[in-house]
Amino acid sequence: MKNITVIGSGTMGNGIAHVFAQHGFKVQLVDMKPEALDKAMNTILTNLDRQVKKGVITEDIKTDTLSNINPGTDLAAAVSNADLVVEAATENPEIKLGIFKQISDLCGPDTILATNTSSISITRIAAVTKAPGNVIGMHFMNPVPVMQLVEVIRGYATTNEVTQKVMDLSRQLNKVPVEVNDYPGFVANRILMPMINEAIYTLFEGVAGVYEIDTVMKLGMAHPMGPLQLADFIGLDVCLAILNVLYDGLGNTKYAPCPLLVNMVTAGHLGAKSGSGFYKYTPGSKELVVADKFSKG
């Protein structure tokens, strides 16, 4: 495989494009909004500059990486010669189903169609395509250039050949692929999201404050960041969407989203990307400050 198409140029999409391009693949990065593509390319440039500064890559690799990425808004043109398409659009079932139905008509019969979904059924996505055996989950972790894991999710119809190709491809990116089966939340989010939800309930019920909850988990459990800070980093809207998938798919009340999370998303407090969640975020500042709503004064 040489030609990769990435659909969606947000945080995950630009990270996936960056990693493939850095490892010598030709990448078509497609998004409906030209301004989103401009922002993505600036993000990739910033991240490459950071890698150069840290000595992770050379200036030549940075230049080659940028030259390997071709941004554009024409989906049909972007997937016409693709060996692999990686969808990294919004975590919304209807949006993803629409994309896969469309690209199934546009791609060749041997093109592998992968989704970076955090929780939505691969089998459900594959069912709207002409070749369900070619559909697979390729769940990268954020930030993609840094995190090693790729959760490779087999749908009900995914072939052994496609699975092996994606496992091998992930290793070419210096990632560690882990094969899992297609059940709500897969492995990563089936375990992570209930922990985050329980941390939010702990805050909601007044057991402890934001700083205290995160400090217990960082210092007591050796987590690199607390669950509330992590929720802000993921996006509270994404956390809510994944919990809803778990709750609907598994039917267990332990996955029911905390009312506080629902209210925060409804109010537009989505975490780092909106400037406020459990913490407040000021551009250019790395100081972690509890949001006014949860501050003890």
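Guide: A polar contact is a pair of N or O atoms within 3.5 Å; within protein, one must be able to donate a hydrogen and the other to accept it, and residues adjacent in sequence count only if both atoms are side-chain atoms. This is a predicted model, in which local features need pLDDT of at least 70 and side-chain atom pairs count only at pLDDT 80 or more, while totals for chains, interfaces and linings use all residues. Residues are numbered from 1 along each chain as its sequence is written, and side-chain values use heavy atoms, with hydrogens and water left out.

Visitor: What makes the side chains of Thr 117 and Glu 91 a polar contact?

Guide: They are joined at 2.8 Å, and the limit is 3.5 Å. The side chain of Thr 117 also has a polar atom 2.9 Å from the backbone nitrogen of Ile 120.

Visitor: Which class do Gly 10 and Asp 31 fall in?

Guide: Gly 10, at 38%, is partly exposed, whereas Asp 31, at 16%, is buried. UniProt lists both under "binding site" in an unreviewed entry; such annotations may be inferred rather than shown by experiment. The side chain of Asp 31 reaches the backbone nitrogen of Lys 33 at 3.1 Å.

Visitor: Why are α9 and α10 called roughly perpendicular?

Guide: Axes are lines fitted to C-alpha atoms, for helices over the stretch in contact, and angles run from 0 to 180 degrees between N-to-C directions. Under 35 degrees counts as roughly parallel, over 145 as roughly antiparallel, 65 to 115 as roughly perpendicular and the rest as oblique. The axes of α9 (residues 210-221) and α10 (residues 227-234) cross at roughly 100° and come within 7 Å, so the two helices are roughly perpendicular. Contact means heavy atoms within 4.5 Å, and the residues in contact include Ile 213 and Met 217 of α9 and Leu 228 of α10.

Visitor: How do you know that α10 is mostly covered?

Guide: In α10, 6 of its 8 residues are buried, among them Leu 230 and Asp 232. Their cover includes α8 (188-204), α9, α11 (236-250) and β9 (279-280).

Definitions and conventions. Helices (H or I, at least four residues) and strands (E, at least two) are DSSP runs, numbered from the N terminus. Buried means under 20% relative accessible area, exposed over 50%, partly exposed in between (1.4 Å probe, protein chains only).
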